[in-house]
Amino acid sequence: METRTHADTHAHTPRMTSAPNPDVTTAVQHLYKAIHSGGVAPGLLSLVHLRASQINGCSPCAYASVAAAKKQGESDERLHAVVTWRETPFFTDEERAALALTEAATRIQDGAPGVTDEIWDAAADHFTEEQLGALILEISLTNFFNRINHTVREQAGKTW
């Protein structure tokens with residue numbers, strides 16, 4: 001018989017239920033507009049969002065990015081393989097460069113090398129400066145939301 005403690009139950013309860021600040025919502029909408037006008041395919045932006053969210057363990061963002069990718073026509077096979085993209089044949093060189101950039105920019109914790117010249121050069125071989133700007137902004141905004149969701153214990157199941 002499994003016993004749940006108060007702490008186990010509490011860990012799955014959102015800490016905040018209020019509506020977001022309208023100024024923040026407007027700012028985020030402007031960021032999304034900039035990202036989506038940067039020339040990167042929406043499906044690739046969803047894969048980038050998914051990979052950063054997987055790294056950060058953000059279930060609501062992982063859930064929402066899978067839903068968004070499926071709307072873009074993404075296959076279950078590729079979505080399941082994003083976490084192991086290096087070991088699969090399912091991704092193009094362009095997608096691999098974007099996913100490597102995503103991982104390096106997301107994993108900047110203590111001692112991590114971050115975005116090396118090799119990772120940057122590979123991304124720059126596939127994307128224009130405008131597209132790189134959109135990718136960097138998508139990665140950064142995803143990390144922003146991942147941290148907020150962790151802090152307030154937002155639960156998976158919503159799409160935005």
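Glu-118 is exposed, with a relative accessible area of 66%, where exposed means over 50% relative accessible area, buried means under 20% and partly exposed lies in between (1.4 Å probe, protein chains only). The model is a predicted one, in which local features need pLDDT of at least 70 and side-chain atom pairs count only at pLDDT 80 or more, while totals for chains, interfaces and linings use all residues. Residues are numbered from 1 along each chain as its sequence is written, and side-chain values use heavy atoms, with hydrogens and water left out.

The protein has eight helices and zero strands; helices (H or I, at least four residues) and strands (E, at least two) are DSSP runs, numbered from the N terminus. Of the 160 residues in the protein, 38% are buried.

Two residues can be set side by side.

| Residue | Helix | Relative accessible area |
|---|---|---|
| Glu-118 | α7 (residues 117-126) | 66% |
| Ile-35 | α2 (residues 22-36) | 0% |

Ile-35, which is buried, touches Leu-45, Ala-134, Leu-137, Glu-138 and Leu-141, if residues up to four places away in sequence are not counted; a contact here means heavy atoms within 4.5 Å. The C-alpha atoms of Ile-35 and Gln-131 are separated by 8.5 Å, although these two residues are 96 residues apart along the chain. Across the protein, 69% of the contacts between residues at least 6 apart in sequence join residues at least 24 apart.
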